[in-house]
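Good morning, and thank you for coming.

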Amino acid sequence: MKGKLEPSERQKLIEEGKNLKEGLVTLEEDLLKLTDELQKEAQSIPNMTHPDVPVGGEDASTLRNMVGEPRKFSFPIKDHAQLGKDLDLFDFDAAAEISGSKFYYLKNEAVLLEMGLVNWAVSEVMKRGFTPLTTPEIVRSSVVEKCGFQPRGTNTQVYSIEGGDQCLIGTAEIPLGGIHMDSILLESSLPLKYVAFSHCFRTEAGAAGTATRGLYRVHQFSKVEMFVLCRPEESDSFHQELIEIEESLYSSLGLHFKTLDMASEDLGAPAYRKFDVEAWMPGLERYGEISSASNCTDYQSRRLGIRFRPESSSSSPRKGKGNSAPTQFVHTLNATACAVPRMIICLLENYQQEDGSVIIPEILRPFMGGLHVISYKYK
């Protein structure tokens with residue numbers, strides 16, 4: 001166009017330029033649509049699976065560890081819902097009127113128990129080098145998806161806010177995963193170890209009829225969550241560290257529990273390997289899940305764009321562009337330190353006494369104003 005052209009030739013090129021511009025707009029629209037479709041397809045692909053993970057459904061999960069023994073009672077025992085009613089600790093009826101089913105009010109010593117459990121769990125995990133955080137409890141839907149959860153669909157566990165692109169969190173793992181989104185971290189800053197307190201919100205879609213009594217399966221609860229970002233070669237050892245922290249916490253409460261290496265069909269999309277802890281709940285007459293610890297390798301970090309740049313081991317780094325090592329994706333891991341309602345179930349049912357009172361485990365008493373026992377309010 002800048003050269004000397006015949007008018008007819010110039011007009012021909014102008015028309016060709018217009019056609020190219022229009023074609024480019026169409027291609028860009030197609031690219032956006034295809035990128036969205038590709039993203040949706042990619043989200044349906046789960047993580048790889050650790051070679052030692054048992055293959056099959058939940059029944060194929062294998063026992064890793066068994067701690068303690070079930071307490072033997074010399075009197076008829078109650079479940080936590082009955083204990084809570086007798087000791088004036090819960091109000092499910094008022095919560096059902098205000099909010100619907102699977103909500104609750106905690107009252108009296110149950111409030112102290114929740115706050116004591118949270119402070120105890122955070123302080124114990126901090127002793128192991130974790131940085132404490134509180135997190136946003138509303139996050140963008142895209143962050144939920146990048147962490148491997150599905151915010152849409154008939155059986156989603158996620159509450160979405162109508163008319164926007166935000167969701168309530170089902171676990172602090174989601175905002176913790178997002179805190180370093182689209183970042184290149186210094187290798188010297190790794191590992192990053194966080195312990196976060198948050199409220200969690202879950203629809204519990206598809207869970208009707210499965211252990212719904214009392215506090216076991218609820219829509220809103222408090223939780224203390226551990227989260228680690230580390231070098232790829234370290235994630236297996238941090239997975240062991242997380243499950244050891246969990247086992248240490250629950251042992252110190254005097255609970256009887258077992259640790260399971262969960263089978264492949266029970267892993268969920270992000271997990272490469274997952275260990276669950278199930279504690280004995282004598283009132284419910286069964287084991288119930290109280291925590292899990294998952295190694296998600298680079299499944300979340302690829303989607304979230306969290307990388308680190310390995311530092312050169314050479315003592316005399318070369319000048320120029322060749323000096324920088326290519327970036328790598330970090331590995332992410334998450335684990336529950338304390339899911340409050342399930343912990344309250346364990347403590348009430350395991351520490352109930354013949355007179356209907358409940359003993360507070362010694363380790364929690366400093367976090368509950370020195371309270372030793374939960375007794376009847378009215379004789």
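Does F75 count as buried or exposed? At 14% relative accessibility, F75 counts as buried, where buried means under 20% relative accessible area, exposed means over 50%, and partly exposed lies in between, for a 1.4 Å probe and protein chains only.

A word on the basis of these values. This is a predicted model, in which local features need pLDDT of at least 70 and side-chain atom pairs count only at pLDDT 80 or more, while totals for chains, interfaces and linings use all residues. Residues are numbered from 1 along each chain as its sequence is written, and side-chain values use heavy atoms, with hydrogens and water left out.

I turn to the aromatic rings. A search of the whole structure finds four aromatic pairs. Rings of Phe, Tyr and Trp (its six-membered ring) pair if their centres lie within 6.5 Å; planes under 30 degrees apart count as stacked, over 60 as edge-to-face and the rest as tilted. One of the pairs joins F73 and F75 in an edge-to-face arrangement, with 5.6 Å centre to centre and 85° between the planes. F73 is partly exposed, at a relative accessible area of 21%. W280 and Y287 also form an edge-to-face pair, at 5.1 Å centre to centre and 65° between the planes. Y287 is partly exposed, with 23% relative accessibility.

Charges also meet rings here. R286 lies over the face of Y216, 4.5 Å from the ring centre, and the charged end of R303 sits over the ring of Y299, at 3.7 Å from its centre. The criterion is NZ of Lys or CZ of Arg within 6 Å of the ring centre and within 35 degrees of the ring normal.

Next, the sheet. Eight strands form an open sheet of mixed pairing, in the order 1-10-11-12-15-9-8-4. Strands are DSSP runs (E, at least two residues), as are helices (H or I, at least four), numbered from the N terminus; two strands pair if DSSP finds at least two bridges between them. Strand 1 (62-67) and strand 4 (131-134) stand at the edges with a single partner strand each, so one side of each has no neighbour in the sheet. Strand 12 (residues 286-295) pairs with strand 15 (residues 331-339) in the antiparallel sense over three bridges, and S294 has N334 in strand 15 as its bridge partner.

Finally, helix 9 (residues 340-350) is mostly covered, with 11 of its 11 residues buried, among them R342 and E349.
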